[in-house]
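Subject: Structure handover and findings

Hello,

I am passing on the structure we spoke about, and my notes come after it. Please keep it open while you read.

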Amino acid sequence: MSSELRFAVIGAGRIGLVHSGSVTDTNGAKLEYVVDPIKESAESVAKQFGCKFSTNPLEVINSGEIDAIIIGSPTPTHVPFMEAAIDARLHVLCEKPIDLDIKNVNQLREKVNKANTKVAIGFNRRLDPEFYAVKKRVEKGDVGKVEQVLIISRDPGPAPQSYIAVSGGIFRDMTIHDFDMARNFVPDIIEVSATGANSFCDYIKEENDFDNVTVTMKGSNGEIVTVINSRHSAFGYDQRIEVFGDKGMLQTSNITPTSVKYSTKDFTSSQDPAPELQTGGPHTLFF
Ligand SMILES: NC(=O)c1ccc[n+]([C@@H]2O[C@H](COP(=O)([O-])OP(=O)(O)OC[C@H]3O[C@@H](n4cnc5c(N)ncnc54)[C@H](O)[C@@H]3O)[C@@H](O)[C@H]2O)c1
């Protein structure tokens, strides 16, 4: 048996590409397969990362050639692939959302709880080093009793209309990361209100969805969480959080390629814009 954890990435689209790069760059992990029913997509991503490809997810899941899968295929495939992978005793990292219908999520819960492998959902922001550091310091008591959490989350640009059409809407597709982050700091949410607008994207409006939303949540200890989302941001992937308590405040700002500041007679400082959604880079395995 290989000493490396052998992975298959299911879905060779936007996020499948990111995961394929991450597995390839992770010590102790080996990308064995990229799988997509569109042969050209599977083949081209597999070629990029030097692994095998397949058009048949279930065949790969049951092949005995892999230890773990990353499910980055469209949302309606998540539950069936998770079930098959758990049955095949594979570790699973599945992209969010698990499903658009909470009944299907709840039905899966029992199987996941009984799985003797690791099952994780792609709420990547909890593991973002900056957000993780804030969480650890809040746990240490650095801000005292948490009173307010402000989460700002903006994508560089909207996904294509075909994706928006089946995404389940901005709240289930995008704000879901911020709901997860809110509960990371305020586990017991008792009240939610939200508003949405169509500020810039006609095709999002055509799909009866919003491109600009705000959510306010109340926690049972008197905390208020505010989430601000936009489907676009002129200066890149904008991810910030502020946690305010009776003893102080913790804030993160966007990671930029450089912290170098430049000052002249015309302006005092300058930084490159925030990066696009990152691909690759060294990662640590959490299995
Ligand atoms: N965690 C995040 O930040 C994040 C970001 C983007 C997308 N996602 C999630 O990832 C999933 C995919 O999103 P995307 O943007 O990569 O979509 P995408 O449309 O770019 O890619 C999906 C890929 O899956 C393939 N596919 C379709 N049916 C399949 C099947 N039965 N088996 C295997 N592959 C199949 C498609 O051919 C396509 O190549 C969605 O559930 C989305 O919510 C998560």
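The model is predicted, so local features are reported where pLDDT is at least 70, and side-chain atom pairs count only at pLDDT 80 or more.

Domains

The protein splits into domain 1, residues 5–122, and domain 2, residues 126–251. Taken over C-alpha atoms, the centres of domain 1 and domain 2 are 26 Å apart. At the contact between them, five residues of domain 1 meet nine residues of domain 2.

Ligand site

Where does the ligand lie relative to domain 1 and domain 2? Both domains give residues to the shell around the ligand, so the ligand lies between them. The shell holds 25 residues, and the closest are R14, I15, D36, T75 and E95. By type, the shell residues divide into ten nonpolar, ten polar and five charged. Two helices, α1 (14–24) and α4 (78–87), each supply at least two residues of the shell.

- T75 places a polar side-chain atom 2.9 Å from an oxygen atom of the ligand.
- K96 has a polar backbone atom 2.9 Å from an oxygen atom of the ligand.
- G13 has a polar backbone atom 3.5 Å from an oxygen atom of the ligand.

On its own the ligand has 850 Å² of accessible area, and the protein covers 80% of that.

Helix α1

Which residues of α1 are buried? They are G16, V18, H19, S20, G21, S22 and V23. The cover over the buried residues of α1 includes the strands β1 (5–10), β2 (29–35), β4 (68–71) and β5 (91–94), together with the helix α2 (39–49).

P97 sits in the loop between β5 and α5. I98 is found in the loop between β5 and α5 (102–114) as well. Leaving aside residues up to four places away in sequence, I98 touches T75, H78, V79, M82, V105, L108 and I121. One of these, T75, is also among the residues closest to the ligand. From I98 to R14 the separation is 84 residues in sequence and 17 Å in space, C-alpha to C-alpha.

Positive phi

- R89 has a phi of about 60°. R89 lies in the loop between α4 and β5. Is R89 buried or exposed? R89 is exposed, with a relative accessible area of 58%.
- N208 has a phi of about 60°. N208 lies in the loop between α10 (202–206) and β9 (212–219). N208 is exposed too, with a relative accessible area of 76%.

Regards

Definitions and conventions. Residues numbered from 1 in each chain as written. Heavy atoms only, no water. Near = heavy atom within 4 Å. Polar contact = N/O pair within 3.5 Å; in protein donor to acceptor, adjacent residues only side chain to side chain. Areas by Shrake-Rupley, 256 points an atom, 1.4 Å probe, with all protein chains shown as cover. Helix = DSSP H or I, 4+ residues; strand = E, 2+ residues; numbered from the N terminus. Nonpolar A, V, L, I, M, F, W, Y, C, P; charged D, E, K, R; others polar. Domains from an automatic or database assignment. Buried < 20%, exposed > 50% of the residue type's maximum accessible area, 1.4 Å probe, protein only. Contact = heavy atoms within 4.5 Å.
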